[in-house]
Amino acid sequence: MFTSQTSSFQDSIDVEDRDDYDSEEITGYSQKTQLNCYYTIYLYQGTRSEASGENVAWNQRRADSTATQDDFSLTLIDSSLPTEAEPELRTYISRRLSKGALLGGMGNIATVELSIPEQAVGCYCCLLEQERSPEQPDADGNGHVICFLGGSEKGLNLYPSSLLELDKYVQGLRNSLQTDELQNLDSEVRPYLSRWYEESVMHIHRVVQLAQSNISFLLHAALSHTQVEVRNSDEKTKVDVSRFIKAASLQGLSQQDTSAASLCTAMSEETHTDLIIDCSTSPPTLLNAVSNRFCDDWIQAFLNAAERCNPFLLRQILENFKLKAIQDMNSLKRFVRQAETSHYALFRCCQFLQGCGNGDVLLQNARAEHCDLPEACSIISVLEEFLKEQAQAQAQAQA
């Protein structure tokens, strides 16, 4: 928790950066840089598998690209790594497989040191096993090892859903990996592997570039469970915005027992107007856009990170944004519980909501989570009336 309920936006950025990066990494992230990314795919064969004559010939042609252990062999199929770096990666993967560290369909992330300009990079590895079937009994123990390399281990592992997103992307290859020879390597597999960084990492960067200073409206929509509709755009942009909203949302992160589904149900009972992003103009036009001071305070951090062309820094800032929102939400819950028996705690609630700049979102979530607690709902109603009066007084002062 932050030591001050009204800690500044800059303090929250600085604290989180110090926690997650050393000074050398922060210095590197402060510069505009284009990160390199790589991929590699190997054929994994267990010794119990009896290869066909065609497969044996294929493996013999690639004998120099095969690492053989007592119970498996690992054969290079394709890689974007420099020639001198790929054997180093293959040795690393062989050691991981020997230790049983790669489970079928479940990737993991680690740091590897290779003969590349970055020297040490984050490496995602996943063993994608062939599905067993009565028609292919020798498929038992066979599969493909897929590796994605780029950034750092901290960069790839910044957020809880990173592994899930990369696992999902790898699963998209399953139908294309039906044969060991991969005759569709040039037409399907290689193009798909080459896009991993663009598809799995860069989507947040693309949305920030699209929205620019309007990014605060998307952040507010994510926090307030507002539906977002993208019009007059390609499907990729719609998917990017949807993924951004999901990444910025607090669903599933609440410490309360209230599930994300029930929270959304409670939200839907209130009157909400969808946020509409019309991409027929440049920059896009936003309709029914709502923001607040809390979300506005993060605009410059997102724009600066996007200008530096580092998607991992962007993701870190997004996680900091969510962390600060969660901390404020937990503070409000504590104050509401105390206010049930203390008028001073109710006064502190009012002060906190006035200072945090995110009162509308916090009260909206608090009401949804406390809908079955009459005393808490009464306090929330008082706080909502307080915020409404404050907003009216501010509007009159500006008139």
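**Entry 1: the last helix**

I started with what covers the buried residues of α18, and the cover includes α15 (311–339), α16 (343–356) and α17 (359–369). Worth noting at once: this is a predicted model. The buried residues of α18 are Ala 376, Cys 377, Ile 379, Ile 380, Leu 383 and Phe 386. The helix itself runs over residues 374–398, 25 residues in total. I checked its reach: 36 Å from the first C-alpha to the last, close to the 36 Å expected at 1.5 Å a residue.

**Entry 2: the whole chain**

Then I zoomed out. I find 18 helices and nine strands in the protein chain. Of its 399 residues, 49% are buried. For contacts with a separation of 6 or more, residues 24 or more positions apart account for 72%. The chain exposes about 19,800 Å², and carbon and sulfur atoms supply 47% of that area.

**Entry 3: the cores**

Which residues touch the most other members of the largest nonpolar core? I get Leu 218, Phe 244 and Leu 332, in a core of 57 residues. The largest share of this core comes from α15, with twelve residues. There is also a second, separate core of 27 residues, and Leu 43, Ile 77, Leu 166 and Leu 193 are among them.

I went back to Leu 218 for its contacts. Not counting residues up to four places away in sequence, Leu 218 touches Val 207, Val 241, Phe 244, Ile 245, Leu 275, Ile 277 and Leu 286.

**Entry 4: rings**

The aromatic pairs come to twelve. I picked Tyr 124 and Phe 148, which are stacked at 5.8 Å centre to centre with 15 degrees between the planes. Tyr 124 lies in strand β5 (residues 120–129) and Phe 148 in strand β6 (residues 143–150), so the pair ties together parts that are 24 residues apart in sequence. Buried or exposed, I wondered about Tyr 124? Its relative accessibility is 0%, so I put Tyr 124 down as buried. Phe 148 is buried too, at 1%.

Elsewhere on my ring list, Arg 334 lies over the face of Phe 335, at 5.2 Å from the ring centre.

Pro 283 lies in the loop between β8 (275–278) and β9 (285–287).

His 225 has a positive phi, near 60 degrees, and is a residue other than glycine. I located His 225 in the loop between α10 (215–223) and β7 (228–231). Its relative accessibility is 12%, and the cut-off for buried is under 20%, so His 225 counts as buried.

Asn 288 has a positive phi as well, about 60 degrees, although it is not a glycine. Asn 288 sits in the loop between β9 and α13 (293–296). With a relative accessible area of 40%, Asn 288 is partly exposed.

**Entry 5: one more loop residue**

At 9% relative accessibility, I count Ser 249 as buried. Leaving aside neighbours within four places in sequence, Ser 249 is in contact with Ala 222 and Lys 322.

How values were computed:
Residues are numbered from 1 along each chain as its sequence is written. This is a predicted model: local features need pLDDT of at least 70, side-chain atom pairs count only at pLDDT 80 or more; totals for chains, interfaces and linings use all residues. Side-chain values use heavy atoms; hydrogens and water are left out. Helices (H or I, at least four residues) and strands (E, at least two) are DSSP runs, numbered from the N terminus. The expected span of a helix is 1.5 Å times one less than its number of residues. Buried means under 20% relative accessible area, exposed over 50%, partly exposed in between (1.4 Å probe, protein chains only). Contact means heavy atoms within 4.5 Å. A nonpolar core is a set of buried Ala, Val, Leu, Ile, Met, Phe, Trp, Tyr and Cys residues joined through side-chain atoms within 4.5 Å. Accessible areas come from the Shrake-Rupley method with a 1.4 Å probe; for residues, only the protein chains shown count as cover. Rings of Phe, Tyr and Trp (its six-membered ring) pair if their centres lie within 6.5 Å; planes under 30 degrees apart count as stacked, over 60 as edge-to-face and the rest as tilted. A charge sits over a ring if NZ of Lys or CZ of Arg is within 6 Å of the ring centre and within 35 degrees of the ring normal.
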